[in-house]
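Open the model in your viewer and keep the selection tool at hand. The tour below goes from one selection to the next.

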Amino acid sequence: MRPVQTLLAITLLCACANGSSLSAVLTEYCVTCHNARLNEAGISFEALDSERPSAAPDKWERVLRQLRARTMPPTDNPRPDPKTYEALVSSLASTLDHDQTPTQRLTDLELAKGLANLLWKSAPDAELSNAAKKDRLHNPAILEAQVRRMLADARIGTLVSGFFDEWLGLKQLATMPADTAAFPEFDPQLRHAMLKETELFLISQLRDDRPAVELWTANYTYLNDRLARHYGIPNVSGPEFRRVTLPGTERAGLLGEGTFLIATSVLTKHAAVDAPSTSPAARGKWIRMHFLGVTAPHPIPGIPPLQKGVLLSSQLRTLPDPSCTACHSNFFPMGYAFENFDPLGRWREEALNESIDASGTLVDGTAFDGPAEFRRVLLQRQDAFLTSISENLLAYASGDLLGVTQRAPAERMPTVRAILREADPKHDTWSSLLAAIAGRAR
């Protein structure tokens with residue numbers, strides 16, 4: 001789509017989608033909460049100039065994030081139809097991109113240095129240096145061939161330890177406190193095995209140059225006998241890790257691995273619970289933040305805490321205050337999807353003599369039951385995921401280490417979208433994403 005200069009383009013697209021003007025769309029779906037009086041999340045559409053989004057890019061980028069992730073409007077509020085959502089996202093992104101100042105072209109030597117730093121945290125090797133000296137790296141085919149070669153090198157492990165460990169926040173598993181009486185099996189060997197599983201899985205995705213979205217859907221993992229027994233996966237013997245095809249779809253991708261499942265559980269007693277437990281809230285907020293690029297809403301002031309002893313999602317579905325619902329429904333259901341996994345990531349059918357309920361409904365009304373169905377729902381939001389991982393990788397490539405775990409500033413987002421436009425025809429493989437990022441990192 002060609003860039004447009006004003007959000008009047010949204011009006012036209014929305015008119016095609018549902019016969020409404022931009023003003024009508026905002027009034028119907030947004031202004032009820034985002035007005036000068038309530039100013040929810042610090043945004044009032046009455047105070048924003050829809051003709052000049054570049055005058056307030058921070059706020060319009062926040063709007064765009066929520067639209068892309070389909071996390072607004074809240075539950076039980078009127079929602080735009082899918083065509084209107086797509087029109088809003090496309091036109092708003094194009095409008096925000098229009099005023100971007102073109103970045104200066106990197107020299108081939110600069111590109112080679114940036115690429116080696118991004119993938120290996122080292123200087124370019126001889127082959128990459130020679131390609132740069134011959135000014136060949138600005139040939140897209142040659143650049144991607146170099147990236148694929150570098151992904152296959154053992155040094156790609158530095159990208160996993162340097163970026164993925166930080167971005168996903170999973171390395172805390174090594175030191176995460178746990179109730180030894182409740183979980184005597186959670187010893188250093190099991191912790192190491194889970195971290196090794198995730199490390200080998202991520203390296204395999206990079207080396208095989210898979211589409212980035214396979215972090216959600218891959219049907220294999222890496223196990224040794226200890227970890228396989230823990231997960232209940234048969235026919236794995238010996239201490240060596242090997243690639244294992246998963247027997248079902250429940251554990252597909254990162255969300256079926258112990259690193260995610262344990263890091264988002266509570267393995268000790270704390271203020272809200274009197275025994276270790278899973279945490280649908282933590283799992284849901286993790287998915288929103290890392291995979292969809294949006295944070296959870298802030299809690300409403302003055303709401304009393306949950307009664308001590310709450311352990312199961314079935315108990316969390318009835319909230320003590322109805323005003324909690326709009327906030328909790330934004331992230332709790334995502335965590336419900338993984339309730340079949342206990343605090344140590346083992347599959348279970350019941351807990352405390354209750355059958356596990358792993359069903360949920362997202363704020364847009366999309367229902368699911370269990371982790372396999374939830375992954376299919378996530379795939380409908382893969383544009384949010386690709387945006388999230390690209391902005392964090394761009395921060396890492398630019399030396400902005402704080403940006404690896406935070407949302408990018410508004411001025412960086414047009415560059416993120418340019419990266420995705422370049423990688424999209426190649427199915428967002430790692431080589432296409434990383435090549436595009438290396439060429440734009442500053």
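Start with His427, which sits in the loop between helix 19 (413-423) and helix 20 (430-438). The model is predicted. At His427, phi is near 65°, a positive value in a residue other than glycine. Its relative accessibility is 61%, so His427 counts as exposed, the cut-off being over 50%.

Next, select Asn353, in the loop between strand 5 (350-351) and strand 6 (354-355). Phi of Asn353 is also positive, near 65°. With 75% relative accessibility, Asn353 counts as exposed.

Move to Met72 and Pro73, which are joined by a cis peptide bond with omega about 0°. Pro73 belongs to the loop between helix 3 (57-69) and helix 4 (82-98).

Now turn to the aromatic rings. The count of aromatic pairs comes to 19. One of them is Trp216 with Phe385, a tilted pair with 4.8 Å centre to centre and 40° between the planes. This pair links distant parts of the chain: Trp216 is in helix 10 (residues 214-217) and Phe385 in helix 18 (residues 382-397), 169 residues apart. Both Trp216 and Phe385 are buried.

Phe291 lies in helix 13 (residues 280-292), 94 residues from Phe385. Phe291 is buried, as is Phe385.

Finish with two arginines. Arg155 lies over the face of Trp120, 3.7 Å from the ring centre. Arg251 lies over the face of Tyr231, at 3.9 Å from the ring centre.

Notes:
Residues are numbered from 1 along each chain as its sequence is written. This is a predicted model: local features need pLDDT of at least 70, side-chain atom pairs count only at pLDDT 80 or more; totals for chains, interfaces and linings use all residues. Side-chain values use heavy atoms; hydrogens and water are left out. Rings of Phe, Tyr and Trp (its six-membered ring) pair if their centres lie within 6.5 Å; planes under 30 degrees apart count as stacked, over 60 as edge-to-face and the rest as tilted. Helices (H or I, at least four residues) and strands (E, at least two) are DSSP runs, numbered from the N terminus. Buried means under 20% relative accessible area, exposed over 50%, partly exposed in between (1.4 Å probe, protein chains only). A charge sits over a ring if NZ of Lys or CZ of Arg is within 6 Å of the ring centre and within 35 degrees of the ring normal.
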